[in-house]
Amino acid sequence: MTPPSPEYPSEQQPADPTVQPVPAAVTATVDAADSTLQNPRTAVIALGSNLGNRLETLQGAVDALEDTPGVRVRAVSPVYETDPWGVEAGTQSDYFNAVVLVRTTLPPQSLLERGHAIEEAYLRVRAERWGPRTIDVDIVAYQGVVSDDPVLTLPHPRAHERGFVLVPWYDVEPAAELPGHGPVADLLAAVGRDGVRLRSDVELRLPE
């Protein structure tokens, strides 16, 4: 797992994720790794950060997911910048948000435990609801599973109303559906893109 950096270099990167295709060699490597999984399931994971070096932390989370036995990262969305949710304007820094698609043989609860371990590695603090955080790792959906388990409700109970989830998810899976709510494209059309700003000057990379 990539540890959190004690320093915060510039988040600026020269690449534009909206115009640069994933290199064929990376795609081939991901496909080969995916073939080693037996009966994998698809999961959608949302990442968010508004403390420290947001880009570096999101990339560390992507890499940590790939380093997890039984998990293969299939796609990473462009990065979006959004206003903090549920707090007074100006009281927190803006977020970097992204969505990751993974193939996994882990059951939902084990994938959740891995997400919590990544948050702990980046010193995520849960002192207050809607508080700032170094990293948020949320399972949005897991292979069409519907569950009202209070520990892990699937799909995520508020994903259908959050543009910062729907916009990047649509980027990597335009035909996706959120169980119980319908096509992501329709949900996004209803919610809109206000406040979800593409950061074309930074990018997350697929693990090689």
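The lining of the largest cavity is made up of six nonpolar residues, one polar residue and no charged ones, with Gly counted as polar and Val, Leu and Ile among those counted as nonpolar. The residues concerned are I45, L65, L111, L112, G115, V137 and I139. The model is a predicted one, in which local features need pLDDT of at least 70, side-chain atom pairs count only at pLDDT 80 or more, and totals for chains, interfaces and linings use all residues. Residues are numbered from 1 along each chain as its sequence is written, and side-chain values use heavy atoms, leaving out hydrogens and water.

A cavity here is a set of points on a 1 Å grid over the protein atoms alone where a 1.4 Å probe fits but cannot get out, and lining residues have an atom within 4 Å of a point. One cavity of 30 Å³ or more is found in the whole structure, and the largest cavity holds about 30 Å³ of space. Helix α3 (108-121) and strand β5 (136-142) each contribute at least two lining residues; α3 gives the largest share, three residues. Helices (H or I, at least four residues) and strands (E, at least two) are DSSP runs.

Strand β5 also pairs with β1, antiparallel, over six bridges (pairing requires at least two DSSP bridges), and A43 has Y142 as its bridge partner there. On β4 (residues 95-104), β1 forms nine antiparallel bridges, with V44 opposite L101. Seven of the nine β1 residues are buried (under 20% relative accessible area), so the strand is largely enclosed by the rest of the structure.

Note on methods
1 Å grid on protein atoms, 1.4 Å probe; cavity = no way out; pocket = protein on both sides within 12 Å on 5 of 7 lines; lining within 4 Å. Points joined across faces, edges and corners; volume = space filled by probe spheres on them. Buried < 20%, exposed > 50% of the residue type's maximum accessible area, 1.4 Å probe, protein only.
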